[in-house]
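This report covers a helix pair, a sheet and a chain contact. Please have the model open as you read.

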Amino acid sequence: MTSETLVEISDLNFSYDARPILKGINMTMKRGQVIAIMGGSGSGKTTLLRLIGGEVVPSSGYVKVSGQVVHQLDRDALFEIRRKMGMLFQFGALFTDLSVFDNVAFQMREHTDLSESMIRDLVLMKLHAVGLRGAHHLMPAELSGGMARRVALARSIALDPMLIMYDEPFTGLDPISLGVIGSLIRRMTDTLGMTSVIVTHDVQESLKIVDYVYFVADGVIAAHGTPAEVRDSVAPFVHQFVHGEVDGPVPFHYPAQSYRRDLNLENALV
Amino acid sequence: MFKHLAAGIRSVGHRTIEGVWQLGHATRFFLLVLLKSGTSFRRFGLVIRELYYVGVLSLIIIVVSGLFVGMVLGLQGYETLQKYGSESAVGTLVALSLVRELGPVVAALLFASRAGSAITAEIGLMKATEQLAAMGMMAVDPVARVVAPRFWAGVISMPFLAAIFSVMGVFGGYLVTVTFIGVDAGSFWSQMQSNVDFRIDILNGFIKSCFFGVAVTAIAVFEGYDSPPTAEGVSGATTRTVVTSSLAILGLDFILTAFMFRGI
């Protein structure tokens, strides 16, 4: 493992109630890159993020972040490494009882001894970076979906993490907000020297901003490559996914017995 | 026949094991909350904020209910006692009923439905909207930061609310019997004073309300934290909080009364 690599995932297996979710995943994520993990709904993408964050423990294999095996850390060490990670949840997961300002200030107040005036400056800078300095006094309920996502982004970079994970950052956004979030992810990764991992099924938006893509299907990596390689790929699964085709390796129909038998037409004359 | 019997036994066994498992799970969570209560006391501001939501906002229902319960007690007590010509004992009757039983029990039942359900719904929704997971990912323990302050706020509020309930009840009894019906104020207060014992009655009532406070808030925070992260899950958990804590209050009341007031 080189110092270039921030996250290393090796032969990772994870089962939920004896139902295998991930089956032998291998990935490496380099520092300073934006990496997308794509796959259909229920393919285990979010589980992968939870494994990186140490929320769940793998059945076998390991996730190494910055050289440390995450699931072997004790609670204090895990919390220590989580301070260097940010996570953007699907719908922002802002604390509904705190204002926008207090949401962004949350981690600074919990984890640092900074003075209130210093925190104020830092929070305004983080909010400025996502274009919402003027909204610092609002409550989360007063924000639109896109704004909430941007506040959550500001909150996740509050302590300048080395790694940010985004769980479906593009879901449910209008085209403008979608473009804003996409460009923010790219810009912040570059200016703050972070590494970003995006779990998404929004192909077009994410291919514009990422450096590398992994496709996860049925718990295994179906394909991986740079956006250019992925666009030109002839592999049936990648082709179906990237171009959003209805039928293909991922079938349109849920497995069932034959249509004729279901309609009791087995013995009928055609 | 035999198959049905086996299935029946199996289902009873399954439910029993499930129940015991759930009880163990709840106990472990309760101990975890106690263990992680350090933050609540180091940063007491967190508890004070919850005291407002749990305690202060419950005041209105406690004050009004206490007043009416006391008024009814006064009315009923007077009607019965005057048949025996001892209507001056109505003050004692009102005070003892309230301080020993109705104050702690009814206040706790109201507290469970007003504050307990709110605690469960809030924690459950925080879980459903991934706020608790987000907090965990920010290396802040949600049990220490969210659950423990609410627990302690409930435990602290409950005895005060029960005391306020009793005081309002006595005032309501006074209002009905002395002001409206015309029982002698002097005998109303003096009989009460000589028959209500600080240690036996007031202190025991206070201890009861402390037990109820722990039971109600422990159930409320557990149900919230344990609720499935869906709309249905949260509503189910809120209902369970009210039902379980009401039953717990009444059951505990019987046990505590048996220990406290037997042979007095």
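In helix H7 of chain B, Val147(B), Arg150(B), Phe151(B), Gly154(B), Val155(B), Met158(B), Pro159(B) and Ala162(B) meet residues of H9(B), among them Phe206(B), Cys210(B), Val214(B), Val221(B) and Tyr225(B). Contact requires C-beta atoms, placed from the backbone, within 7 Å. By class, the contact of H7(B) with H9(B) has 15 nonpolar, 4 polar and 1 charged residues. Here Ala, Val, Leu, Ile, Met, Phe, Trp, Tyr, Cys and Pro count as nonpolar, Asp, Glu, Lys and Arg as charged, and the others, Gly among them, as polar.

This is a predicted model: local features need pLDDT of at least 70, side-chain atom pairs count only at pLDDT 80 or more, and totals for chains, interfaces and linings use all residues. Residues are numbered from 1 along each chain as its sequence is written, while chains are lettered from A and ligands numbered from 1 in the order in which they are written.

The axes of H7(B) (residues 142-181) and H9(B) (residues 198-226) come within 8 Å and cross at roughly 150°. The two helices are therefore roughly antiparallel to each other (angles over 145 degrees count as such). Helices (H or I, at least four residues) and strands (E, at least two) are DSSP runs, numbered from the N terminus.

Now the sheet of chain A. Its 4 strands form an open sheet in the order S2-S1-S4-S5, with antiparallel pairing. Strand S2 (19-30) and strand S5 (68-69) are the edge strands, and each pairs on one side only. Two strands pair if DSSP finds at least two bridges between them.

| Strand pair | Bridges | Residue pair |
|---|---|---|
| S1(A) and S2(A) | 9 bridges | Leu12(A) opposite Ile25(A) |
| S1(A) and S4(A) | 5 bridges | Asn13(A) with Ser60(A) |

S1(A) and S2(A) form a hairpin with 2 residues between them. In the turn, Asp17(A) has a positive phi of about 50°.

Where does chain A touch chain B? In this contact, 15 residues of chain A meet 10 residues of chain B. Helix H2 (75-82), strand S6 (85-88) and H3 of chain A each give two or more residues to that side. The largest share, 4 residues, comes from H3(A). The chain A side divides into 8 nonpolar, 3 polar and 4 charged residues.

H3(A) (residues 100-111) also has buried residues, including Val100(A), Val104(A) and Phe106(A). Buried means that 20 or more other C-beta atoms lie within 10 Å of the residue's own. The buried residues of H3(A) pack against helix H4 (116-129) and helix H5 (145-156) of chain A.

Definitions and conventions:
Buried ≥ 20, exposed ≤ 12 C-beta atoms within 10 Å, placed from the backbone. Contact = placed C-beta atoms within 7 Å. Axes fitted to C-alpha atoms, helices over the stretch in contact; angles between N-to-C directions. Parallel < 35°, antiparallel > 145°, perpendicular 65-115°, else oblique.
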